[in-house]
Amino acid sequence: MAQHFLLSAKARTLSLKAIYAAGEDKAYETFRKLRWPDTNGEPVCPHCGGLDAYEITTRRRFKCAACGKQFSVTSGTILASRKMSFTNLLAAICIIVNGAKGISALQLSRDLDCQHKTAFVLAHKLREAIAAETKGAQVTDNVEVDGAYFGGHIRPRNRKEDRVDRRLSEHQTGKRRVVVAFRQRMGRTLPFVVRNESDAVELAKRVVSREAIVYADEASHWDLLHDGWKTYRINHSEAYSDYGICTNQAESYFSRLRRMVRGQHHHVSAQYLHQYAAHAAWLEDHHRDDNGALAHRMIGLAMKHGVSPNWKGYWQRSAA
Ligand SMILES: [Zn+2]
């Protein structure tokens, strides 16, 4: 039997051992090269685009010769005002990409010996940055669509006579959401969080190319897809795959997301569900990349992503 990819040496090109052995200067250089790939790590002023800057070596900052403003390698990016050393930041990213089903902020804070909140905010910023990789993207060719419910769990009461029918709307918490995924076979996975699976038909108009062939299960709201696309249906009560008509790749995405939510985060609020959904999609789509390539991809996306209005000032807000 073929060896699982994650067990092969090819899957490992980066390790915590190597990161800490290489030290802070080397980690800093990695961030510089990924922030300014066109100049091989030489600074480009984020204020005016100037290529000439004085280096304030002791503080790892630059002063632009053209506009006189100061900046650092993370200025203007989602990692601006970072709390960690570059070594710890690189180590955090290594730990995050090594988690095939994600990682909880609690575990990350223990591995890095940092505050829970530091790990929580960092992981969410990185999730936001990787989600941007497919922003505005469309899927085409063969596209599987499916939905799955998350959150809003009502714990069953101990005694049978105290239990309620959790399917009834009056017994639901209002926190339940549906993650709908459009997955191109051999391509990208685009997840969305909606209240009802049927809301996804409107989304399909935006993200699924009209040229695509769509595969969906027997749920009646997908009937509307036949108006816009050549659509095949699989009745899951009869079979999971019928001569290539299946939603197996969408299912594979959902099983990763379920393992992430159950195994790592245990509970996710509707507010953050889209971030976990995006994280699982990114891992699914790049599952054949080695961990060094994944870490570089993640840093590259973070360095390209502007300051996040969602997470900027999170510290000040939550301290108040
Ligand atoms: Zn400048």
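**A zinc site and some ring pairs**

Visitor: Let's start with F120 and Y272: buried or exposed?
Guide: This is a predicted model, with local features taken at pLDDT of at least 70, side-chain atom pairs only at pLDDT 80 or more, and totals for chains, interfaces and linings from all residues. Residues are numbered from 1 along each chain as its sequence is written, and side-chain values use heavy atoms, without hydrogens or water. Buried is under 20% relative accessible area, exposed over 50%, and partly exposed in between (1.4 Å probe, protein chains only). On that scale F120 and Y272 both come out buried.

Visitor: How are F120 and Y272 arranged as an aromatic pair?
Guide: Rings of Phe, Tyr and Trp (its six-membered ring) pair with centres within 6.5 Å, and planes over 60 degrees apart count as edge-to-face. F120 and Y272 sit 5.6 Å centre to centre, with 80 degrees between the planes, and the pair is edge-to-face.

Visitor: How many aromatic pairs does the whole structure hold?
Guide: Besides F120 with Y272, ring pairs also join Y28, F31 and F86 into a cluster. Searching the whole structure gives a total of 11.

Visitor: Why is the pair of W36 and F71 put in its class?
Guide: W36 lies in the loop between α1 and β1, F71 in strand β3, 35 residues apart. W36 is buried at 6% relative accessible area, and F71 is buried at 0%. Their ring centres are 6.3 Å apart and the planes meet at 80 degrees, so the pair is edge-to-face.

Visitor: Over to the metal: what geometry does the zinc ion's site have?
Guide: Donors are N, O and S atoms within 2.8 Å of the metal (3.2 Å for Na, K and Ca). Here the SG atoms of C45, C48, C64 and C67 lie 2.3 to 2.4 Å from the zinc ion. Four donors are tetrahedral if all angles lie between 85 and 135 degrees. The 4 donor atoms give angles of 100 to 116 degrees, making the site tetrahedral.

Visitor: How are the zinc ion's donor residues spaced in sequence?
Guide: The residues in question are C45, C48, C64 and C67. Written out, the spacing is C-x2-C-x15-C-x2-C.

Visitor: And C67, which accessibility class does it count in?
Guide: C64 is buried, with a relative accessible area of 1%. C67 is at 33%, so it counts as partly exposed.

Definitions and conventions
Tetrahedral: all angles 85-135°; square planar, octahedral: opposite > 155°, others 65-115°. Phe/Tyr/Trp six-rings, centres within 6.5 Å; stacked < 30°, edge-to-face > 60°. Helix = DSSP H or I, 4+ residues; strand = E, 2+ residues; numbered from the N terminus.
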